[in-house]
Amino acid sequence: MTARAARAATRSRARWPIFLGLAAAIVVVDQLTKAWLVSFLAPGERVQVIGDYVRLIHTQNTGALFGLFRDQAMFFAIVSIGVVGAIVWFHHTSGRNTLLSVALGLLLGGALGNM
């Protein structure tokens, strides 16, 4: 193996730690912020952060976007697993690009946090 091929192989493998590390960090931050919000706001309660422009409101949604498909947890668990699998597969098969690894890591963290 030439030195150039060895560097290319090292670069392509180096994207997994970025991808997985960022996804893990997003899951941790997501869960911590959700726990923080629940710790001081009762369901339905709101607090203004910046006047009427930024507010935190404790709501609970058992469905999808805008409350569609309420109480369909099993369906969304299956869809979420499929989305997580698709993100990991796409990262594995795509060209090795740091920006793509960051973007996919953010998507993976969001998908896992919502699961």
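Modeller: Leaving out residues up to four places away in sequence, Ile18 touches Thr98, Ser101 and Val102, where contact means heavy atoms within 4.5 Å. This is a predicted model, in which local features need pLDDT of at least 70 and side-chain atom pairs count only at pLDDT 80 or more, while totals for chains, interfaces and linings use all residues. Residues are numbered from 1 along each chain as its sequence is written, and side-chain values use heavy atoms, with hydrogens and water left out.

Ile18 belongs to helix H2. Helices (H or I, at least four residues) and strands (E, at least two) are DSSP runs numbered from the N terminus. Ile18 counts as partly exposed because its relative accessible area is 31%; buried means under 20%, exposed over 50% and partly exposed in between, with a 1.4 Å probe and protein chains only.

With 17 residues at 1.5 Å a residue, H4 should span 24 Å, and its end C-alpha atoms are 24 Å apart, so the two agree. The expected span is 1.5 Å times one less than the number of residues. At the start of H4, a side-chain oxygen of Asn97 comes within 2.8 Å of the backbone nitrogen of Leu99. That is a polar contact, defined as a pair of N or O atoms within 3.5 Å; within protein, one must be able to donate a hydrogen and the other to accept it, and residues adjacent in sequence count only if both atoms are side-chain atoms.

The buried residues of H4 are Ser101, Leu104, Gly105, Leu108, Gly109, Ala111 and Gly113. Their cover includes H2 and H3. On H2, the buried residues are Arg15, Phe19, Ala23 and Leu37. Ala23 is in contact with Gly105, Leu108 and Gly109, again leaving aside neighbours within four places in sequence.

In soluble globular proteins, nonpolar side chains tend to be buried together.

H4 also meets the largest pocket, where H3 and H4 each supply at least two lining residues. H3 has the largest share of that lining, with six residues. The pocket holds about 280 Å³ of space. Of its 13 lining residues, Phe76, Ala77, Ser80, Asn114 and Met115 are the closest to its centre. On a 1 Å grid over the protein atoms alone, a pocket is an open set of points where a 1.4 Å probe fits, with protein on both sides within 12 Å along at least five of seven lines, and lining residues have an atom within 4 Å of a point. Points are joined across faces, edges and corners, and the volume is the space filled by probe spheres set on them.
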